[in-house]
Amino acid sequence: MLRDNLLSLLLAAAAVTPSSAVFLYATSYNDHAVTTLDLDVKSGKLTTLSKSLDCGSEPTWLTLNKADKVLYCLNEGWSGNSSITSYRTTANGTLATLDIIPVLKSPVSSTLYGPNNSGLAVAHYDTSTFSTFSVGEVTQVALSQNETYELPEPGPVPDRQDVPHLHDAVLDPTGQFIIVPDLGADALHVYSIVPGTIKWVELDPVKAVPGNGPRHGVFAVTGDDNSTFFYLANELSNTITGFKVDYEDEDGEVTAAPVFTQLFDISTHGKGGHVPNGTKAAELEISPDNKFLLVSSRGENLLKIPSFGNDDGPYTNTTQIPSDPIVTFAIDGASGLLGDPVVQEAPAGGRDPRGFSLNRDGTLVASALQDDNRVVVYERDVATGELGRVVAWASVGDVSADGNGPNYVLFDD
């Protein structure tokens with residue numbers, strides 16, 4: 001069945017002639033699809049090329065193996081079975097299904113690791129589990145290891161911290177460790193990868209600030225001495241926590257595990273910043289040059305932007321619509337501290353920017369607006385870190401639905 005599906009998709013792809021070689025992949029809950037978008041920066045158009053329904057009922061996180069032209073899609077499976085789908089990407093943007101494997105409920109984030117990216121590490125939110133899969137043979141994805149966690153008692157925010165909720169999987173810069181933020185347990189789970197394999201050994205967790213609810217994390221390697229820092233976006237407290245990460249002790253001896261030393265815990269809007277009730281920190285990204293940190297915030301609705309016309313029409317100024325922000329901080333390369341004041345609080349392009357990503361050279365930012373069924377691409381100044389004009393946008397998901405649309409968008413450039 002999958003071979004037939006692959007053949008039909010490849011034949012269909014031959015008839016497609018996109019206007020550029022810059023694609024974006026977006027997942028959406030309300031139409032249950034992975035949408036391929038073609039970005040033409042010169043004309044300012046973001047065009048839908050194809051949709052795949054093979055990622056299941058609630059497609060969410062996407063992980064791209066650019067070298068091998070394979071895209072992995074996680075299906076949270078609220079209204080059905082959860083799964084991981086592997087796709088072959090093509091030169092004209094369509095996706096050819098390679099394999100679909102059932103997994104534990106609610107996979108929400110993944111990262112590639114191991115020799116030749118032959119492992120896929122996955123965080124499961126509802127089932128409190130960390131799983132890894134063998135993906136060296138992309139048509140035969142298979143479970144490798146998993147670990148499920150429990151809490152002895154609820155955390156400081158009991159309605160959200162009744163059980164562990166693993167929410168991200170991040171490979172460290174050395175490629176030797178995987179870090180998994182746990183929103184329910186206020187912890188960072190740490191796993192040491194067995195050299196030359198995709199097997200891992202669990203190490204002692206790192207404690208996060210109680211009640212913060214760690215959601216997503218990113219590493220930055222900065223300065224002349226290649227200092228390593230780790231930053232957490234905390235959903236429950238709407239804060240960012242920064243850590244210095246060391247791999248050697250004071251005597252210069254290599255440690256068995258990375259040592260995390262907390263540097264700060266500040267608002268997603270900087271020191272002294274505040275957010276309205278109901279706000280939730282969402283995505284966190286580091287610019288390709290490791291000089292800026294970007295974080296999106298959901299539920300603020302305090303910014304106003306011109307409304308969007310048709311996908312191929314003008315960006316009008318006749319009507320104002322609300323937008324949540326993407327906040328940009330400058331990173332001090334020596335200390336790892338975030339600059340004060342913030343570089344910019346820019347509109348994300350609408351409401352609920354659950355996911356956003358930067359292109360390879362950091363000149364563009366694409367934002368998935370879950371409540372507005374829209375993907376918006378902004379230009380970005382690499383030198384200043386500021387977001388500028390709207391480059392292009394497109395409706396994504398079921399536009400007749402009241403929200404619950406695109407939740408993640410990823411560049412393939």
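1. In this predicted model, strand S20 (residues 280-286) and strand S21 (residues 292-298) run antiparallel and are joined by 5 bridges.

2. A separate point concerns the largest nonpolar core, which has 26 residues. Leu62, Ile84, Leu120 and Phe133 touch the most other members of this core. At least two core residues come from each of strands S1 (22-28), S4 (59-65), S5 (70-75), S6 (83-89), S7 (95-102), S9 (119-124) and S30 (406-412). The largest share, 5 residues, is supplied by S5.

3. Ile84 may be examined individually. When its neighbours within four places in sequence are left aside, the contacts of Ile84 include Leu120 and Phe133. Also in contact with Ile84 are Cys73, Leu74, Asp99, Ile100, Ile101, Val103 and Val122.

4. The structure holds 1 disulfide. It is formed by Cys55 and Cys73, whose sulfur atoms are 2.1 Å apart. Cys55 is located in the loop between strand S3 (45-52) and S4, and Cys73 in strand S5, so the pair ties together parts that are 18 residues apart in sequence.

5. The link of Cys55 and Cys73 is left-handed, with -95 degrees about the S-S bond. Cys55 and Cys73 are both buried.

Conventions:
Residues numbered from 1 in each chain as written. Predicted model: local features only at pLDDT ≥ 70, side-chain atom pairs only at ≥ 80, totals over all residues. Heavy atoms only, no water. Core = buried A, V, L, I, M, F, W, Y, C linked by side-chain atoms within 4.5 Å. Buried < 20%, exposed > 50% of the residue type's maximum accessible area, 1.4 Å probe, protein only. Helix = DSSP H or I, 4+ residues; strand = E, 2+ residues; numbered from the N terminus. Contact = heavy atoms within 4.5 Å. Disulfide = S-S within 2.5 Å. Pairing = 2+ DSSP bridges.
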